[in-house]
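Opening the notebook on this two-chain model.

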Amino acid sequence: MSAPAITPVVVRLKLSLLRNGLRQSGGRRAAYIASAVVALLFAALQLVGLIALRGFDHVESLVVLLVAVLGLGWAVMPLFFPGGDETLDPTRLVMLPLRPRPLVRALLVASLVGIGPLFTLCLLTGSVIAVAHGGAAFAVGVLAVPLALLVCVALARAVAAANVRLLTSRKGRDLAVLSGLVVAVGAQVVNFGAQRLGSSGLEQLDPVADVLRWFPPASAIGAVHSVGEGAYGTAAAQLLLTAAASAGLLALWARALTRLMTAPDGSTLQTGGAAVRDRASTGLARLLPPGRTGTAVERSLRYVWRDPKTKAAWVTSLAIGLIVPVFNAWQGTGSVYFACFAAGMLGIQMYNQFGQDTSAFWMVAMTISSTRDAYVELRARALALLLVTLPYATLVTVLTTAMLGDWPRLPEALGLSFALLGAMLATGAWTSARFPYSIPQEGYKNVAPGQTGLAWISIFGGMVAAAVLCAPVIALAIWLNAGAGGDDLLWLLLPVGTLYGAALTLLGLRLAAPRTARRLPEILTAVSKG
Amino acid sequence: MVDADGDVVGAGATGTAAVRVRGLWKRFGQQVAVAGIDLELPAGRFIGLVGPNGAGKTTTLSMVTGLLRPDQGTVEVVGRDVWRDPAEVKARIGVLPEGLRLFERLSGRELLAYLGRLRGLPGAEVDKRATQLLDVLDLAGAQHKLVVDYSTGMRKKIGLAAALLHNPEVLFLDEPFEGVDPVSAQTIRGVLERYTASGATVVFSSHVMELVESLCDWVAVMAAGRIRAHGPLAEVRGEAPSLQRAFLELVGAHGRDAGSDLDWLGGGSR
């Protein structure tokens, strides 16, 4: 087959598949038409809106951000709808004798056909109209719109092609568990962004837009704006960047496609023996104490990195623990005390320790034959958590304080954080022994059916208990803040909070250990349901 | 042959019992999984616990190894009560359960290193034993691969290595050959035979009679939560041509031959 002939074939294939799909059932046709109408209506509204925005101050920032978000949307779309477009699934073409280059060209043109690209085209056109000033800017816009569209489509295709292989492997399924996280953290960011935008004007976007207009596809719109400002050099650079990005993405896609069509599919492939190196005798392991403590700490830390469920939980905690205090401080609405969020979010990881082991807990259970063993096991898990949490909570607290410039309150905030962390570790250890529940390893759910109540008791009961346990330190903080001469003594909260937290942790571990040792079979049964 | 009450008649000649079970019961809601088992397993034997699916083999082994709390009854392993003296018992037994996970995000070698150290063995000794076990079990090439990427046979083998690491006196294996390819099965078999030859006891469950017959010198037959027969293989087999036949007679399934119900099936008129 010659190179130019294949493109119309693939486009016609896409159109007829689309048509035949609609012919299949009335419901499907209605759904498709409805979604098309809504999308086009939305696109038209956006186009009108953008045109109306023309001439406003700082509109270019909003537009650049909009296009950047659009690009992000194209990038993540294939991850959430992997089977979205079967016409573009290259594995269906594996048996045909096609060369990668014409195939890429054909698939690219085919993927430009559809509502998504049309929607993007409307938005991009509107963006150009909104920011372009002068004939030169519009001329650049004519070039910028197709370039940006190309970046979007190529981005989606490259991500999809890279994932076809990934999603069939174990690593891909691991990633799928993590993708929920992207939404959770993304929602937090968007939430804060919208709040900020609502409270102050569009100029708030300027710093973000200053960065984003160097990122394709937003850089294409940045170029249009730069020309309008007379910054021709900047415009040329931005345009070049966009072109380079689309070329790079196309090359990546072509490479992924070639690999897909020539290599066996990931599910039948043996994973290489060198995938994970033996790290038993490196770095951290040597610093850890011997015996159960070091061994259990090492295993816990390995799981934070290697187990998708544990990793997702940790990343969520780390992200939210950082986002809430820092974003609030950034918006100027924050307080140093918000920094306790980091300690609190990470403290949650101490809850349901044995549930995190899944039924592999039997291996631990077989080695615990006394209260002492149980104590050392729980202490090791708390230690593993502290190894990450202590520096992290300190960092977040210092960062928040720095952003607010409220240095006198730093010792106080740190003391409260450590007291809270101690209380969370204590209640976490105790509820791990008292209310264990299964964490299913597949899918997004974190509680096995029938154990939701148990999980609620464990987490929320534990958190309320932790708050109550912290009350003395909180009371001390309030008293010192309220008292006239208390300011000089506020630093006392750091040692007091730290010691109090440490004492609580030790007490919690001591109380949890005998219960754990006594209830090993019951815990195993409870965590084996997933 | 031994009667259905489970009286100890044919216990091995070696004398001491590796496992002694008295009046063991377990119910899950309405369902009785184990209905009063009395059993004495002789030490130094290759013992098979056979029975159809759902006979209560896994429940029994879980209770014997301390992974599941019985409703009633006592279990002694090497003369020590499993529930009152867990320290002594856990140090002397090795377990390969069925249907429970391993720490699958560790590599094979890391798993052994982890478990050996949890059991309190010195690090250098753990590493030495792990290397040898991985070699013997044909896992040396996959030792740095995560267990989650192992095949069923490899999982059983790494589980066996984990169970053997602390040189236990009694080894409990729940369906060790289930889903295992012939090559791996032969490897597992070789290791187990070498292990029992040194005087240790292996107790394993299976529903494959031919396997039990070729491996074990002592069997206990389970059905519907009870021990139907136990003793040296030859005694339990009795007059029957194979353990399979003897087993079918014991559980009362011998009358259920594909009799005349399907007489239309096969050659002749359509």
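Helices here are DSSP runs of H or I with at least four residues, strands are runs of E with at least two, and both are numbered from the N terminus. Before going on, I note that this is a predicted model, where local features need pLDDT of at least 70, side-chain atom pairs count only at pLDDT 80 or more, and totals for chains, interfaces and linings use all residues. Residues are numbered from 1 along each chain as its sequence is written, while chains are lettered from A and ligands numbered from 1 in the order in which they are written.

H4 of chain A covers residues 100-111 and H10 of chain A covers residues 232-262; their axes come within 10 Å and cross at roughly 120°. The axes are lines fitted to C-alpha atoms, for helices over the stretch in contact, with angles from 0 to 180 degrees between N-to-C directions. That makes H4(A) oblique to H10(A) (under 35 degrees is roughly parallel, over 145 roughly antiparallel, 65 to 115 roughly perpendicular, the rest oblique).

Which residues meet there? From H4(A) I get A:Pro100, A:Arg101, A:Leu103 and A:Val104, and from H10(A) A:Leu250, A:Trp253, A:Ala254, A:Leu257 and A:Thr258. Contact means C-beta atoms, placed from the backbone, within 7 Å. The residues of this contact split into 7 nonpolar, 1 polar and 1 charged (nonpolar: Ala, Val, Leu, Ile, Met, Phe, Trp, Tyr, Cys and Pro; charged: Asp, Glu, Lys and Arg; polar: the others, Gly among them).

**Where B touches A**

Next I checked the interface: 32 residues of chain B are in contact with 32 residues of chain A. On the chain B side, helix H2 (86-92) and helix H3 (108-118) each give two or more residues, and H3(B) has the largest share with 7 residues. By class, that side of chain B has 17 nonpolar, 5 polar and 10 charged residues.

Is H3(B) mostly covered or open? I find it mostly covered, with 11 of its 11 residues buried (20 or more other C-beta atoms within 10 Å of the residue's own is buried, 12 or fewer exposed, in between partly exposed, with C-beta atoms placed from the backbone). Its buried residues pack against H12 and helix H16 (361-365) of chain A, together with helix H4 (123-136) and helix H5 (152-164) of chain B. Just after H3(B), B:Gly120 has a positive phi of about 85°.

I then picked A:Thr293, which lies in H12 of chain A (residues 291-306). A:Thr293 counts as partly exposed because it has 18 C-beta neighbours inside 10 Å. Beyond neighbours within four places in sequence, A:Thr293 is in contact with A:Val376, A:Arg379, A:Ala380 and A:Leu383.

**Chain totals**

Chain A has 21 helices and 0 strands, and 41% of its 530 residues count as buried. Chain B has 9 helices and 10 strands. Of the 270 residues of chain B, 50% count as buried.

Technical notes:
Two residues are in contact if their C-beta atoms, placed from the backbone, lie within 7 Å.
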